[in-house]
Amino acid sequence: MKLLRTTLFVIAVLAASTVTPSFGQTAPQTEPFSLPVRPVTLTQDIIKRFLYSFAAVGAQMKQEAAGNATSPEAAARLDRKAAEYGFKDFNDWGETTRTIMVTYHWLTNPDPREEVEKAIATIPSTPNLTDKQKADMIDGLKAGLETVEMARPSPENLAIVKKHLSSIKPLYKQWTSL
C-alpha cells in the first residue's frame, strides 16, 4: 500500500498542476497531490488555522462545485471563507494546504527513491501494456521522482507538521481522494 501511495504521489505530481485561473474564468480549486508553487513557512498558528478551516473551506468548495459556479462571485465566496480563518484569500489557503499535505507525505514516506525504484521494477511484468507504455511509465516515474526530491520540505516545516501528524492524517486522506 505504501508503495502504491508513493508511486501515485510521484505520478500525480507530474500530471497535476495547481489551478489558479483569473477570477473571471472559474472558481479556483486545490488539486490533490500538487506541489505548492511557493511553499509556505509554517507556524503553529498557521497549522491551527488550517486544521480549523479545512472542513469549512472544503464545504464551500463542494458547494461551489455543485453549482458549477464559474463566476467571480464564486471565487469571492471562497476568498471570504478562507479569510474567515486568517488566510489572505483562497489561493493563500490552497498554498498552505499543499505545503502541509506535501510535508505530511514526506514525513510518512521519507524515502521516495526506494519506493519509486520498487515501482519501476514491477512495470516490466505488468500485463496489458505495450513496451512503449511501460517505457513511458518508467520515464514518467523517474522524472516525477526528480521533481518530488526537489520539493523536499524545509526542516522547520517538517518539524511543525510532525507535531500534528495525527490531526492531519484524516485531512490528508480526504485531500488525496479529491
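View 1. Buried here means under 20% relative accessible area, exposed over 50% and partly exposed in between (1.4 Å probe, protein chains only). Keep in mind that this is a predicted model, where local features need pLDDT of at least 70, side-chain atom pairs count only at pLDDT 80 or more, and totals for chains, interfaces and linings use all residues. Residues are numbered from 1 along each chain as its sequence is written, and side-chain values use heavy atoms, with hydrogens and water left out. E64 pairs up with R77 in a salt bridge, their closest N and O atoms being 2.8 Å apart. (A salt bridge is a side-chain nitrogen of Lys or Arg within 4 Å of a carboxyl oxygen of Asp or Glu.) R77, at 33% relative accessibility, is partly exposed.

**View 2. K81 and E84 meet through their side chains in a salt bridge, 3.4 Å from N to O.** K81 is buried at 19% relative accessible area, while E84 is exposed at 54%.

**View 3. R113, E117 and E149 are linked in a network of salt bridges.** In the R113 and E149 bridge, the closest N and O atoms are 2.7 Å apart. R113 sits at 36% relative accessibility, so it's partly exposed. E149 is partly exposed too, at 27%.

**View 4. A search of the whole structure turns up eight salt bridges.** Among them are the R77 bridge with E64 and the R113 bridge with E149.
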